[in-house]
Amino acid sequence: MLAPIVQAFWSGLFSAASMPLGTITSRFWQPSGRIVGSLTAFGAGALLSAAVLDLVADAVEEGHIIELVIGSILGSLFFTTVNRFVNQFG
């Protein structure tokens, strides 16, 4: 019973270590805007892919393929429309 709690504690500690490591690193290295943008894009892509894989796996497992396809198409059309609107009038 205690093992999952200990494992969760160490996983959380390991995951949270990036914040102080990033703070210490920023004291010695000031990256350019291009590097910051690249790192941010990588992080956003990794987060998005993890979320999508989790959602798609659940939808496929439960047999909601048609809803998944329709939602994906409508979501991409909505994003494209709003993106164009923001780029033109933003």
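A residue counts as partly exposed when its relative accessible area falls between the buried limit of under 20% and the exposed limit of over 50%. With that in hand, here are the close-ups of this predicted model.

**View 1. Val69 on helix H4.** Val69 sits in helix H4. Its relative accessibility is 42%, so Val69 counts as partly exposed.

View 2. Stepping back from Val69, we meet a nonpolar surface patch of about 740 Å². Helix H4, spanning residues 65–89, supplies the largest share of the patch, with seven residues.

**View 3. Phe9 and Trp10, edge-to-face.** The model holds two aromatic pairs. One of them joins Phe9 and Trp10, whose ring centres are 5.3 Å apart. The angle between their planes is 75°, and the pair is edge-to-face because planes over 60 degrees apart are classed that way. Trp10 has 53% relative accessibility and therefore counts as exposed.

**View 4. Phe85 and Phe89, a tilted pair.** Back in helix H4, Phe85 and Phe89 are four residues apart, so about one helical turn separates them. Their rings form an aromatic pair with 5.1 Å from centre to centre. The planes make an angle of 50°, and the arrangement is tilted.

**View 5. How open are the two Phe side chains: buried or exposed?** Phe85 is exposed, since its relative accessible area is 51%. Phe89 reaches 59% relative accessibility, so Phe89 also counts as exposed.

Terms used:
Residues are numbered from 1 along each chain as its sequence is written. This is a predicted model: local features need pLDDT of at least 70, side-chain atom pairs count only at pLDDT 80 or more; totals for chains, interfaces and linings use all residues. Side-chain values use heavy atoms; hydrogens and water are left out. Patches are made of residues with over 30% relative accessible area and no salt bridge: like charges are joined within 9 Å, nonpolar side chains (Val, Leu, Ile, Met, Phe, Trp, Tyr) within 5 Å. Accessible areas come from the Shrake-Rupley method with a 1.4 Å probe; for residues, only the protein chains shown count as cover. A salt bridge is a side-chain nitrogen of Lys or Arg within 4 Å of a carboxyl oxygen of Asp or Glu. Helices (H or I, at least four residues) and strands (E, at least two) are DSSP runs, numbered from the N terminus. Buried means under 20% relative accessible area, exposed over 50%, partly exposed in between (1.4 Å probe, protein chains only). Rings of Phe, Tyr and Trp (its six-membered ring) pair if their centres lie within 6.5 Å; planes under 30 degrees apart count as stacked, over 60 as edge-to-face and the rest as tilted.
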